[in-house]
Amino acid sequence: MTVTAKNSKGTELFVGTASGVDADSYLDGVAQEQISDVSFPNSASHRFTPGDAKPEADIADRDWWISSDTGKTVAKTFDLDAEPQVLVIAPANSDDSLDGTTVSLQMRVKGVFALSLLGIAGTIILAGFSVFFFMRWWASRIRPPKKDVGPPSGSEPDSSDSGPHGGGEGGPSGGSGRGGREPAADRTVKGEPGPATQPISTVQPDTAGHAPPRRRDLRNRRSFRAVTASVLGTGLVLSGCANMPIAKPSSPDTTPYERTAVRAGEAGKFMTNYTESLDKTLGDKGSDLDKIQAAPLIDHTRAQIQIADKAKQKLRAPNFTEVVAGSPNFTEYPMWFYAFGTADKKSTDGDKQLTQVMLVTRESASTDPLVRSASYIPTDQMPTLMADDSGAVEKGPEDFSEDLTTASGDVSSFLVDGKAKSGGPEGLKEGGFKGFRDYLGDLRDKDSGFDKVDVDCKPYEDLKFEDMTLSTENGAIGMGEVRCTLTIKAPSDYALDLGDTVEAVKTNDKEGDTIKVDTAHPYVLMKTGDELTAVATDWNVLSSKVE
């Protein structure tokens with residue numbers, strides 16, 4: 001089928017195809033005319049939905065269009081047997097309207113010409129039969145059948161008798177015309193009818209033993225011909241009213257249009273676009289960072305930009321050599337998914353190759369995907385995701401969500417006192433967890449000069465990590481974060497100096513002997529069989545202030 005849109009006023013038009021979940025979300029609340037069904041050649045089912053004059057975001061900038069084009073005349077050709085799509089026609093400039101736009105649909109159907117020829121041939125044959133039987137019936141109606149008046153085979157005609165009975169009971173007559181006849185008076189005496197009551201008969205002499213012709217059979221044949229002609233004629237008329245048996249493609253189910261879990265190539269495209277956008281943002285000191293990141297991750301990145309600027313360093317986004325993505329839901333908004341990118345060894349420090357785990361959310365088709373959390377795990381610990389036929393990965397079991405909630409408390413407790421609880425997740429004495437405890441040890445060392453260093457840690461609660469988990473081949477995977485506040489008190493006669501990192505994120509210039517430092521501790525929690533493991537490769541300083 002080919003759908004063509006033309007605008008008589010010169011308005012630039014946009015045409016795009018998309019999955020229904022994206023188009024429905026993007027056009028939610030926007031005035032639109034929906035064509036849901038088309039019956040060729042001239043019937044369409046459509047309805048108008050009132051709403052806002054234009055969508056929230058520019059239509060051409062959406063990343064989920066499967067195909068798109070612009071122009072004063074736009075067209076899209078697609079196969080009706082392919083995966084169903086929604087086709088959207090709109091003004092390319094959101095300030096314009098569709099006034100003066102005409103949309104036409106054309107469908108190419110195979111076999112129409114051949115079937116048309118067969119239909120014409122069949123019509124001609126029916127017409128010929130109808131005319132033939134009608135003429136036969138009409139001719140028999142106006143022309144009576146011939147009477148058989150000749151003598152029967154083997155008999156001699158009687159030239160002397162012109163009456164209806166050429167001979168009496170005694171045999172053939174001779175002489176005059178009265179020979180062999182009885183007088184009328186004699187017939188009357190015998191009780192026989194006279195000439196006035198003699199029935200007319202077509203029976204010839206010596207044929208009394210033969211059955212006469214039956215006019216009833218002739219009438220039946222005429223009736224049969226008339227009925228046959230009527231049936232064929234009626235069939236001919238009705239054949240002109242019926243639709244041709246044209247082969248038509250089956251109509252696809254219009255709802256719901258299901259979106260596959262990060263369509264082929266889309267995961268890599270997302271990661272590439274995100275890396276390029278992050279690189280550009282880091283180079284511009286955080287401009288437009290809120291277009292690609294959201295809390296809690298955006299807090300980390302802003303602090304890192306400030307620290308790098310203070311230290312005269314340059315930040316860069318990691319490069320990925322392999323990308324995997326999965327989510328239990330790609331059929332409705334809001335949606336979320338995990339993206340796993342194996343980082344190039346040059347992009348991260350350390351001897352082991354690392355895989356970055358990112359939690360991404362998207363509120364609607366009018367908004368961009370936002371990375372909410374990011375952390376690293378060793379590549380050799382990357383679990384295998386189990387996806388179904390549509391590419392969706394089953395959500396983590398309920399008991400794992402409970403484990404994630406419990407683990408956030410265990411991580412908080414360990415960061416405060418350095419003691420791993422019995423039954424808690426493995427890995428708390430490694431990586432970023434250990435790094436933070438070592439930092440606290442340095443601050444509390446007697447040579448540091450600080451009078452007191454206190455720490456308070458709590459799980460991050462503004463994002464429900466426990467509701468966003470994935471099943472893996474041997475267990476489940478999820479993410480979490482803990483926020484801590486350090487309270488550092490120095491002697492009144494000491495000059496307070498905590499280094500460039502803390503100084504870079506100061507939010508005030510107040511003089512005092514106490515400083516509070518906020519830190520973030522993202523981690524990945526993995527379950528393999530019955531074993532829980534928490535992995536954190538680093539931690540972040542977020543802000544500081546003097547009291």
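Is Lys 312 buried or exposed? With a relative accessible area of 75%, Lys 312 is exposed (buried is under 20% relative accessible area, exposed over 50%, and partly exposed in between, using a 1.4 Å probe and protein chains only). The structure is a predicted model, so to speak of local features a pLDDT of at least 70 is needed, side-chain atom pairs count only at pLDDT 80 or more, and totals for chains, interfaces and linings use all residues. Residues are numbered from 1 along each chain as its sequence is written, and side-chain values use heavy atoms, with hydrogens and water left out.

Lys 312 also has a backbone worth a look: its phi is positive, about 60 degrees, although the residue is not a glycine. It sits in the loop between H6 and E9 (helices, H or I, have at least four residues and strands, E, at least two; both are DSSP runs numbered from the N terminus). Lys 285 is another case, with phi near 60 degrees in a residue other than glycine. This lysine is found in the loop between H5 and H6 and is exposed, at 62% relative accessible area. For context, most residues other than glycine have a negative phi, and most peptide bonds are trans.

The peptide bonds have their own exceptions. Ala 295 and Pro 296 are joined by a cis bond, with omega about 10 degrees, and Pro 296 belongs to the loop between helix H5 (266–283) and helix H6 (297–310). A cis bond also runs from Tyr 333 to Pro 334, where omega is near -5 degrees. Pro 334 lies in the loop between strand E9 (320–326) and strand E10 (335–343).

Turning to charge pairs, a search of the whole structure turns up 16 salt bridges (a side-chain nitrogen of Lys or Arg within 4 Å of a carboxyl oxygen of Asp or Glu). One of them pairs Asp 95 with Lys 54, with the closest N and O atoms 3.0 Å apart. Asp 95 is in the loop between strand E7 (86–91) and strand E8 (101–106), and Lys 54 in the loop between strand E4 (43–49) and strand E5 (67–71), so this contact ties together parts that are 41 residues apart in sequence. Asp 95 is exposed, at 60% relative accessible area, while Lys 54 is partly exposed, at 39%.

Another salt bridge joins the side chains of Arg 362 and Asp 63, at 2.6 Å from N to O. Here the linked parts of the chain are distant: Arg 362 is in strand E11 (residues 354–362) and Asp 63 in the loop between E4 and E5, 299 residues apart. Arg 362 is buried, with a relative accessible area of 5%, whereas Asp 63 is partly exposed at 36%.

Lys 527 and Asp 403 meet in a salt bridge as well, at 3.2 Å from N to O. Since Lys 527 lies in strand E16 (residues 514–528) and Asp 403 in helix H7 (residues 398–417), the pair ties together parts that are 124 residues apart in sequence. Lys 527 counts as buried at 15% relative accessibility, and Asp 403 is partly exposed at 21%. Salt bridges that share partners also join Asp 299, Glu 481 and Arg 483 into one network.

Strand E15 (residues 475–489) has several pairings (two strands pair if DSSP finds at least two bridges between them). With strand E13 (residues 452–459), the pairing is antiparallel over eight bridges, and Val 453 stands opposite Ile 488 in E15. Strand E14 (residues 470–471) runs antiparallel to E15 and is joined to it by two bridges; Leu 470 has Ile 477 as its bridge partner in E15. E14 and E15 form a hairpin with three residues between them. E15 and E16 are antiparallel too, joined by 15 bridges, and Met 479 has Val 524 in E16 as its bridge partner.Finally, the surface carries two patches of note (made of residues with over 30% relative accessible area and no salt bridge, like charges being joined within 9 Å and nonpolar side chains, Val, Leu, Ile, Met, Phe, Trp or Tyr, within 5 Å). Asp 24, Asp 28, Asp 52 and Glu 56 gather in a patch of negative charge (Lys and Arg count as positive and Asp and Glu as negative, with His and the chain ends not counted; a charge is placed at NZ of Lys, CZ of Arg, CG of Asp or CD of Glu). Asp 52 is in the loop between E4 and E5. The nonpolar patch consists of Val 131, Phe 134, Met 135 and Trp 138, with about 400 Å² of accessible area together (by the Shrake-Rupley method with a 1.4 Å probe, only the protein chains shown counting as cover for residues). Met 135 has its place in helix H2 (residues 112–142) and is partly exposed, with a relative accessible area of 48%.
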